[in-house]
Amino acid sequence: MYRIALYVYKRLYVYILMRIPLAERRRVINFLNRVRGKLFPKYYSPSVNVTEPITLNQKWNPPMPDWLQSEMGELSHLEFHLNTEEANLAKFEHFVVGIKAASGKKYRELLSVIPKTRYDYVLIAPWIKLGGADLAILHHLSYLSRHGKDVLLVLTEPELSTRLDRVPGEVDILEFGRHVNDLMFDEQRHLLDRLLIEFAPDVIHVVNSRLGWYSLKVSGTAISSVSDVYVSLYCDDIDSAGCPVGYGREFLVPSFPYIKRVITDNSVYVETLRKAFGLPKEKFAVVRLPTDEKLLELEVDHSDKSQDILWCGRLDAQKRPELLVQISRLLPNVNFHVYGQVVTGNNNDIARELIERPNIKLHEPFDRFIDVAREYRVILNTSAWDGLPNILVEAAAAGLLIITSDVGGISDLVTQTTGYVVVNHSEPGEYVKCIEACLEDPAKSLEKVVGAREQIKKHHTRLAFDRSMTELLEADPVGHLLETV
Amino acid sequence: MISAVTTFHREGYLAQITLNSIERCRDYCEQRGLKVELVFVLDRADALTNKLVREHSCVKAGDVLIEASNGDLGLSRNLGISKAGGEFIAILDGDDLYSESWLFDSVEFIKARGNHIICHPEMVVNFGMYNSYCQQVDQESEEFDVDGLFATNFWTAWVVAHRDVFQQVEYAKSDHLTSGFGHEDWHWNCETIHRGYIHKLVPETCGFYRRKTVSLLSEQLSKRVHIRKTSLFAKSEK
């Protein structure tokens with residue numbers, strides 16, 4: 001297909017472009033180059049060459065100026081390849097220097113909306129929405145603004161960021177993705193690279209941004225020579241074939257030489273990545289996220305015989321609402337209260353099943369966990385894979401008993417002494433046993449709840465988070481953070 | 001006087017061809033009363049290149065030969081410029097060829113237009129691995145757009161300018177393997193434009209660019225090397 005397009009282009013060049021003035025010709029060629037980039041991206045790079053050669057049928061080459069032929073003829077006595085015999089001269093194709101100004105103009109547009117000339121910290125994220133990673137970003141931004149850092153938040157995806165109102169007012173926001181949406185991915189990467197090189201912040205921190213990771217992979221040598229590079233990773237995702245995927249799998253190894261710190265919120269994922277790739281422990285830092293400390297003030301009371309169980313999460317393959325449906329069938333006398341969101345994939349069927357189950361009640365998503373925490377004593381989590389879900393941290397802080405699948409980083413918080421852990425986590429019957437056990441033994445439940453709360457007080461307060469962040473940013477040399485958190 | 005600052009590395013016998021071309025340029029200048037000083041920087045040059053440069057007939061008393069171990073084109077050019085005595089400086093590469101009148105016509109061009117002018121050969125002929133030719137871009141032409149320098153370098157590294165230009169704007173370090181930064185000529189072009197210098201084409205002059213399977217440029221392009229931070233693309237204070 002590319003060859004056909006190239007043939008058409010050559011004909012176009014010969015019959016039309018050759019007949020128009022050079023300046024116009026260059027504009028048309030630039031336009032055609034951009035079309036080529038859209039249609040045939042693998043044949044295109046925005047920053048490749050000094051010039052943009054055009055392959056031509058030789059007989060249509062514009063004639064080489066006489067003075068140049070004469071000079072080549074003279075120099076052929078010094079250099080064999082500059083022979084001006086007709087057959088050799090015909091090998092020299094004419095080309096036009098392509099002036100591609102679109103990226104440069106877009107770059108100027110970006111500069112015009114960035115308020116400051118310098119930043120201490122540039123955090124690159126896809127967006128700010130409702131997810132756990134978004135919450136982590138907000139905690140990082142809060143810490144940085146409370147500590148007087150000049151921060152630029154770069155949002156690389158064009159999608160609407162629904163939680164920008166949560167970003168501290170002192171943080172400047174660049175909606176990069178919305179500005180550059182009309183450019184190709186590699187052009188976007190080139191723009192981001194240049195912004196990072198020109199601003200040269202003390203720290204560049206990439207969280208879940210594909211463009212940010214791609215910049216690190218391609219331009220990490222340059223970027224890391226002017227800034228310290230941090231990345232945040234929380235867990236693998238699992239694709240529909242059951243394979244681990246995600247930025248940790250795709251980008252971490254090629255980017256690793258440029259990264260000063262890999263930040264996670266749980267120690268399990270550190271070991272997962274180290275085992276997978278043999279990476280050194282010293283570059284990892286576990287920074288546990290703070291929770292709403294008002295939750296710690298809620299009274300813990302497991303003396304009543306409430307049969308109401310809380311389930312929170314997206315209605316998707318990761319959180320496995322279908323497992324909840326199976327559990328609810330096995331426990332018809334227990335009521336399950338679902339605060340869920342339909343956000344990915346085709347899960348109309350599971351939503352319908354949830355609605356149809358008599359002992360499952362669907363609720364609107366809550367804004368703050370404390371608004372619903374008082375209503376429940378037990379929370380059930382059925383994730384197939386995860387980091388350390390924020391909802392479990394909040395639940396532990398609020399004094400809820402946690403029954404959860406034993407996946408990802410959850411074991412950092414929930415063990416058999418701080419909750420009920422389901423090792424064989426795809427079996428609904430295993431959850432049923434735990435639910436029955438906790439409902440039958442309130443005293444034991446209380447013990448577990450108190451243990452979990454102690455973990456929260458130790459690791460998930462703002463004070464603990466600030467201490468971890470300070471150590472992270474001031475640590476010199478790299479390498480002792482795993483032991484201090 | 002014009003100082004022709006030329007960097008050599010491991011060109012081997014190709015250096016001899018370049019030296020022959022430089023000698024031709026020198027003769028052309030001196031026949032017209034323009035004195036030429038050759039400043040050759042041998043940056044980690046191999047023994048053959050070193051020998052060919054030292055023994056070439058173009059090298060005369062008063063010329064400058066510098067042995068350096070920068071391993072860096074930008075720093076080597078700066079070093080050569082710092083040792084050059086000419087009012088005008090030409091930057092040449094050790095494996096290319098130049099049209100006979102390139103140095104002389106450039107000096108005449110600057111004398112006519114002013115010391116804010118940076119001269120480039122009008123044409124570039126690529127030869128070797130591939131053969132092609134083009135006209136370079138004139139900053140005062142209609143099609144010139146400074147924002148195009150964001151994605152592409154418009155000019156080859158061969159320039160002639162008044163020595164003040166090089167004293168105002170040095171070449172940046174170009175250690176792409178360790179820092180990821182290179183294309184020191186592209187960076188220099190951006191910096192000089194930002195400071196108000198004008199890049200012009202000298203009519204009927206040409207550089208002949210030897211294209212090799214592996215070159216510094218091709219290596220830098222394949223590794224996605226960047227130019228260093230430049231005032232041309234910096235966020236300015238309002």
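A polar contact, as I use the term here, is a pair of N or O atoms within 3.5 Å, where within protein one atom must be able to donate a hydrogen and the other to accept it, and where residues adjacent in sequence count only if both atoms are side-chain atoms. I note at once that this is a predicted model, in which local features need pLDDT of at least 70 and side-chain atom pairs count only at pLDDT 80 or more, while totals for chains, interfaces and linings use all residues. Residues are numbered from 1 along each chain as its sequence is written, chains are lettered from A in the order in which they are written, and side-chain values use heavy atoms, with hydrogens and water left out.

**Entry 1: the interface.** I looked up polar contacts across the interface of chain A and chain B and found 23 residue pairs, both residues at pLDDT 80 or more. I then noted the contact (heavy atoms within 4.5 Å), which takes 61 residues from chain A and 59 residues from chain B. The two chains bury about 5200 Å² between them, 61% of it on carbon and sulfur atoms; this is the accessible area (1.4 Å probe) that two parts lose on being put together, summed over both.

**Entry 2: salt bridges.** Counting a side-chain nitrogen of Lys or Arg within 4 Å of a carboxyl oxygen of Asp or Glu, I have 5 salt bridges between chain A and chain B. One of them joins A:Lys105 to B:Asp147, with the closest N and O atoms 3.0 Å apart.

**Entry 3: cysteines.** With a disulfide taken as a pair of cysteine sulfur atoms within 2.5 Å, the count over all chains is 0. B:Cys134 is in no disulfide either, the nearest cysteine sulfur, that of B:Cys206, being 8.9 Å away. I also checked accessibility (buried under 20% relative accessible area, exposed over 50%, partly exposed in between, 1.4 Å probe, protein chains only): A:Cys243 is partly exposed at 36%, whereas B:Cys134 is buried at 2%.

**Entry 4: chain A.** I recorded 20 helices and 16 strands in chain A, and of its 485 residues 54% count as buried.

Note on methods: Helix = DSSP H or I, 4+ residues; strand = E, 2+ residues; numbered from the N terminus.
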